Amino acid sequence: MTLFVLLALVTAVVTFAGSLVVWKLSLKYRLYPKIRERDVHTRPTPRLGGIAMFLGILVGFAAAAWISSLGIARFANLQIVFQDPFQVLAILLAAGLIVAIGVADDIWDLDWLTKLAGQFIAAGVIAWQGVSIVSLPIGAPDGGITVGSSWMSATVTVFTIVLVMNAINFIDGLDGLVAGVALISSGVFFLYSYLLVQQTSPTNYFNLASLLAVVVVGACAGFLPLNWHRAKLFMGDAGALLVGLLMATSAIAVTGQVDPSQLGTDELFPAFIPIIIPFAVLLIPLLDFGLAVVRRLRAGKSPFAADRKHLHHRLLDMGHSHLHAVLIFYGWTAVASFGCLLAFVLPVYFGVDSGWAFLFIGVGFVVLAALTLAPLGRRKRQTVAAEADAAGITSTSGFDELAATDPRNDADPRPVPDRPAQGDHPTGAR
């Protein structure tokens, strides 16, 4: 654990320093686009933070490789991560490719087809070098594990990576949103993969999935100070796609730690929680992605045509402040990810039924739903109060107008005689 904390710290420091350099250079050379109609921010802001994040991740991997080559007995098992260097190189090559595409888009605004083609190529590089979904927890009639062919495995892997990359990129619309969500989810995923490898191999605490998760945590932690509201630097498509790529790859990589032929269904199922965790964490982004695609296709537009109808935009339209909208996304992420982690930790380490984890998720979702919808109730109360005030003003104005038009209220300059006493006739006669 100490080594992982050190690697996360190194990645964070390098990312933070790189972010400062990128921010200053971007301002000096005006490397920032004009504000678009759908943008929430009101001043031009550089979008090249993904470069600093990629630099931090490279240094994190380099530090891990250097430590593994020192031959320190305590970290000897770290060499397992680099036992197949082509897998690591393929991941870094794919990450570099996706960052290059993202930077080009952040500067020159590439068309969606070019970006999508680049995403498929990057995902294909990872699947080509064996980081792919080996098996799925789809039980056969006898309760076994269905293992697909290598072609099917590569296909599912590529589409999964591309899907997660775009889901992450779609929610990158508020200051600190993607960095915070990825920090929470990847942190929980690291804890899970770290605990999982202890169960499958008690003498080995190192694996590719944990290393990927910890460098993502470090990169997001180092970038977040400059990306917090009001942001000085955005990660852009380069950073969002990079985070999505590594999150998906880390989840997929954990299946390589499990041999379906040696484990039964009951033992194999927990190994797929790391795949469930990213999708549970990305439930709202994936929902946002699906709604956006359907909405745009129904309008006769490209599914990747940008608009201002994403979920974070709707939260702002509901009445949430920028910070509150981001914190709500953090809340949903934390409940979903920690709930999935508890579903594994409680029965394995404490002998407690996993139903408590689902109770935690259920209560958390109810509380978050109330917080999410709170502005609607407040807005309705304000509307009712405003309508009541308007009705009161109208009613008062109506009485004033009637009073003003009443001829009895006109001032008469002639003296008014005293009214006769009751029973007396005005002329004195009865």
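**Exercise 1. Compare the span of helix H8 with its expected span, then state how many of its residues are buried.**

Step 1. H8 has 18 residues. Helices here are DSSP runs (H or I, at least four residues), numbered from the N terminus.
Step 2. The expected span is 1.5 Å times one less than the number of residues. For H8 that is 26 Å, and the helix reaches 26 Å from its first C-alpha to its last, close to expectation.
Step 3. Apply the burial cut-off: buried means under 20% relative accessible area, exposed over 50%, partly exposed in between (1.4 Å probe, protein chains only).
Step 4. In H8, 18 of the 18 residues are buried, so the helix is largely enclosed by the rest of the structure.

The model is predicted: local features need pLDDT of at least 70, side-chain atom pairs count only at pLDDT 80 or more, and totals for chains, interfaces and linings use all residues. Residues are numbered from 1 along each chain as its sequence is written, and side-chain values use heavy atoms, with hydrogens and water left out.

**Exercise 2. Describe how H3 packs on H4.**

Step 1. Two packed helices are described by the angle between their axes and the distance between the axes.
Step 2. The axes of H3 (residues 85–108) and H4 (residues 112–128) come within 8 Å and cross at roughly 170 degrees. Axes are lines fitted to C-alpha atoms, for helices over the stretch in contact; angles run from 0 to 180 degrees between N-to-C directions.
Step 3. H3 is therefore roughly antiparallel to H4 (over 145 degrees).
Step 4. Look at the contact. The H3 side includes Ile91, Leu97 and Asp105; the H4 side includes Lys115, Gln119 and Ile126.
Step 5. Sort by class: 11 nonpolar, two polar and two charged residues. Ala, Val, Leu, Ile, Met, Phe, Trp, Tyr, Cys and Pro count as nonpolar; Asp, Glu, Lys and Arg as charged; the others, Gly among them, as polar.

Methods: Helices (H or I, at least four residues) and strands (E, at least two) are DSSP runs, numbered from the N terminus. Angles under 35 degrees count as roughly parallel, over 145 as roughly antiparallel, 65 to 115 as roughly perpendicular and the rest as oblique. Contact means heavy atoms within 4.5 Å.
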